[in-house]
Amino acid sequence: MTALITSNFCLQHEMQDGHPERPERLSALMAHLDHCGLLQDLDVLEPQEATNAHLSLVHKNTYLTQLNEISPQIGLVNLNPDMAIGPNSLKSARLSVGAALQGVEMVLSNKEKRAFCAVRPPGHHAEESTAMGFCFYNGIAIAAKQALQHSAIQRIAILDFDVHHGNGTVEAFLDMPEVLVCSSFQYPHYPYRMQEVIRPNIINTPLPAMTTGLDFRKNIEASWGPALESHQPDLFLVSAGFDAHRDDPLGNLLLDESDFAWMTDYIVDFANRFSMGRIVSVLEGGYDLNALSRSVESHLIQLEKN
Ligand SMILES: [Zn+2]
């Protein structure tokens, strides 16, 4: 069975009016999973908030203090042109990180083989000392660093198929060859940094606007396949962004649900060979409510099936 780790509190994190990273992303997704009958097949769990010690695995203490000081009691404070912080933002962000940590704990203690974290805000753009791209704390990077403290885990793969490059995750593992980071992304496109890094453990897969599902699959197989074969990860972590969907307002790639099903199946095959099937997947982007809901459904069906 797959664990679905989610918290209603994540609905209380709000940004400016009309912002694409809105509470309805999560409420629509959960309503869809209930409606299509998938929710009943999953083990639904509430996360605990990540502690400061967890957040410090990736982020500088000065940055964490700065965020706490800026966090308002009421109203919104603008952090940068594309994100604001409200009274419930940091708690939602800590719960999002906590979900990833709990997913890792569950698969490493063999309570579950797979976990999907339906949380917001996302995390993969957050750098050591920078909130950006709607992200405060880099949950997937924190979960990877925590997992490496487990004696059974020597090598990890973080696979990021969000339409935006996972710059924060790449930054966190630049000098940690035990963590392979594979990121596919529209190029050129936001976030315009960390995309040209050359390291043996960083696999960047840039895709031009209007890339089709078929070309996406060919690029993934050619660039991620050999790296995964040689890395042989003990654990697979997934930054599952669904904004490469053709209906998404923030990207210009042409993927659909069948491509996300293929992507998931591809990861599951590697996980079954190398990591006893262990996969922890964390929601990142995806801003068209229908496309996001259907794409997560496809992702979960493949995680459950194999
Ligand atoms: Zn994205």
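## Overall shape

A compact globule of 306 residues would have a radius of gyration near 19 Å, and this chain, at 17 Å, agrees with that. The radius is taken over C-alpha atoms, and the globule rule is 2.2 Å times the number of residues to the power 0.38. Along its principal axes, the C-alpha trace spans about 50 × 40 × 40 Å.

A word on the model: it is predicted, so local features need pLDDT of at least 70 and side-chain atom pairs count only at pLDDT 80 or more, while totals for chains, interfaces and linings use all residues. Residues are numbered from 1 along each chain as its sequence is written.

## Secondary structure and core

The chain has 9 helices and 10 strands, taken as DSSP runs numbered from the N terminus (helices H or I, at least four residues; strands E, at least two). Buried residues make up 52% of the 306; buried here stands for 20 or more other C-beta atoms within 10 Å of a residue's own, exposed for 12 or fewer, and partly exposed for in between, with C-beta atoms placed from the backbone. Among contacts with a separation of 6 or more, 73% join residues 24 or more positions apart, a contact being two C-beta atoms, placed from the backbone, within 7 Å.

The largest nonpolar core holds 88 residues. Such a core is a set of buried Ala, Val, Leu, Ile, Met, Phe, Trp, Tyr and Cys residues joined through C-beta atoms within 7 Å. Those with the most contacts inside this core are Ala100, Cys117, Ile142, Ala143, Phe236 and Leu237. Helix α4 (residues 89-108) gives the most to this core, with 10 residues. Alanine 143 touches residues including Ala100, Leu101 and Leu237.

## Helix α1

Let's turn to α1. In this helix, Arg25, Leu26, Leu29 and Leu33 are buried. They sit on the same side of α1 because they cover an arc of only 90 degrees around the axis, judged from the directions from the helix axis to the C-beta atoms. The cover over the buried residues of α1 includes β5 (114-118) and α9. On the face turned away from the buried side are the exposed residues Glu24, Asp34 and His35. Just after α1, glycine 37 takes a positive phi of about 90 degrees.

## Leucine 289 in α9

Leucine 289 lies in helix α9 (residues 289-305). This leucine is partly exposed, because 17 other C-beta atoms lie within 10 Å. Leucine 289 touches Glu24, Arg25 and Ala28, leaving aside residues up to four places away in sequence. Aspartate 248 is 41 residues from leucine 289 in sequence, and their C-alpha atoms are 8.8 Å apart.
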